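Subject: Structure for you to look at

Dear colleague,

Please find the structure below, as promised. My notes on what was found in it follow.

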Amino acid sequence: MEHCPASVPAALPYYVAFSQVLGLTVVAVTGAWLGVYRGGIAWESSLQFNVHPLCMVIGMIFLQGDALLVYRVFRKEAKRTTKILHGLLHVFAFIIALVGLVAVFDYHKKKAYADLYSLHSWCGILVFVLYFVQWLVGFSFFLFPGASFSLRSRYRPRHIFFGATIFLLSVGTALLGLKEALLFKLGTKYSTFEPEGVLANVLGLLLVCFGVVVLYILAQADWKRPSQAEEQALSMDFKTLTEGDSPSPQ
């Protein structure tokens, strides 16, 4: 019997498109906030700090969110191609976030400011370390040809859970950093509806909306990438090679 590929759920493309509009808007509003109210960005000046929020939003929010959506968007492409794209997006996100971390630590060093004393900084380091560990473990299990079929199967739900959790923590950490930046600069004027405070509040709402839409897409069981017939056959062959089991009809 010929295998018919599963059709794309009718609402999925609209939710994915909406998530991308939100994500790009988040990046644009972050740039506008830094450009209009914080003087822009530069590496060799007092504007070096502004590299940090921009890089973290692009890497740990937008690109990380898109990496999580890869398996919903690319539903008919080869599984290995999808895995590689998923991993590469995470690599790009990690590198950009690393630049953001280097920027803020270097800025603090030049200004003789204290490091790692705020809740934002503690959450940020925790999320960054978890993100790196998650990528390493995911690479070891799903891209590096060493883990057995049963081990991959047992770890997959945990990989999905921790991926969504780290993304959620990234959004929360960004909100903490945004509030901290506003209080440092505006102080008591924050309560007087200063234009910068209003724009930053809008940015915070956009961050929340992007996070919610991405997690909503991930939570829909019938929107998951369907297994293709050839992938199921390859999985059975892989199980036979790694565990010595004989493929049995399901």
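Arg 80 is exposed, its relative accessible area being 51%, just past the cut-off of over 50% that the term requires. The model is a predicted one, and that applies to everything in this message. Arg 80 belongs to helix H3.

The crossing of the pair is left-handed. On the H3 side, the contact is made by Arg 80, Lys 83, Ile 84, Gly 87, His 90, Val 91, Ala 93, Phe 94, Ala 97, Leu 98, Leu 101 and Phe 105. H4 contributes Ile 125, Phe 128, Tyr 131, Phe 132, Trp 135, Phe 142 and Leu 143. Sorted by class, the contact of H3 with H4 has 15 nonpolar, 2 polar and 2 charged residues.

The loop between H3 and H4 has two residues worth a look. Ala 112, found in this loop, has a phi near 60°, a positive value in a residue other than glycine. Leu 116 is also in the loop between H3 and H4, and its phi is positive too, at about 55°, although Leu 116 is not a glycine. For background, most residues other than glycine have a negative phi. As for accessibility, Ala 112 counts as exposed at 69%, whereas Leu 116 is partly exposed, with a relative accessible area of 41%.

Now the chain as a whole. The protein chain has 7 helices and 0 strands, so the order of elements from the N terminus is α-α-α-α-α-α-α. Of its 250 residues, 40% are buried. Among contacts with a separation of 6 or more, 72% are between residues 24 or more positions apart.

The largest nonpolar core holds 46 residues. Within this core, the residues that touch the most other members are Val 26, Leu 203, Leu 207, Phe 210, Val 214 and Ile 217. At least two core residues come from each of helix H1 (12-37), helix H2 (51-73), helix H3 (79-111), helix H4 (119-143), H5 and helix H6 (195-219). H2 supplies the largest share, 11 residues.

Apart from its neighbours within four places in sequence, Val 26 is in contact with Val 57, Leu 203, Leu 206, Leu 207 and Phe 210.

H1 and H6 form another helix pair to inspect. Their axes come within 9 Å and cross at roughly 155°. H1 and H6 are therefore roughly antiparallel to each other. H1 passes H6 in a left-handed crossing. By class, 19 nonpolar, 4 polar and 1 charged residues make up the contact of H1 with H6.

Two residues of helix H5 complete these notes. Leu 182 lies in H5, which spans residues 149-186. Is Leu 182 buried or exposed? Leu 182 is buried, because its relative accessible area of 1% falls under the 20% limit. Setting aside neighbours within four places in sequence, Leu 182 is in contact with Arg 38, Gly 187, Tyr 190, Glu 196, Gly 197, Ala 200 and Asn 201. For one of these, Glu 196, the C-alpha atom is separated by 8.2 Å from that of Leu 182, and the two residues are 14 residues apart along the chain.

Thr 173 is placed in helix H5 as well. With a relative accessibility of 9%, Thr 173 counts as buried. Which residues is Thr 173 in contact with, leaving aside its neighbours within four places in sequence? They are His 120, Cys 123, Gly 124 and Val 127.

Regards

Terms used. Residues numbered from 1 in each chain as written. Predicted model: local features only at pLDDT ≥ 70, side-chain atom pairs only at ≥ 80, totals over all residues. Heavy atoms only, no water. Helix = DSSP H or I, 4+ residues; strand = E, 2+ residues; numbered from the N terminus. Buried < 20%, exposed > 50% of the residue type's maximum accessible area, 1.4 Å probe, protein only. Contact = heavy atoms within 4.5 Å. Core = buried A, V, L, I, M, F, W, Y, C linked by side-chain atoms within 4.5 Å. Axes fitted to C-alpha atoms, helices over the stretch in contact; angles between N-to-C directions. Parallel < 35°, antiparallel > 145°, perpendicular 65-115°, else oblique. Left-handed = near helix turned anticlockwise from the far one by under 90°. Nonpolar A, V, L, I, M, F, W, Y, C, P; charged D, E, K, R; others polar.
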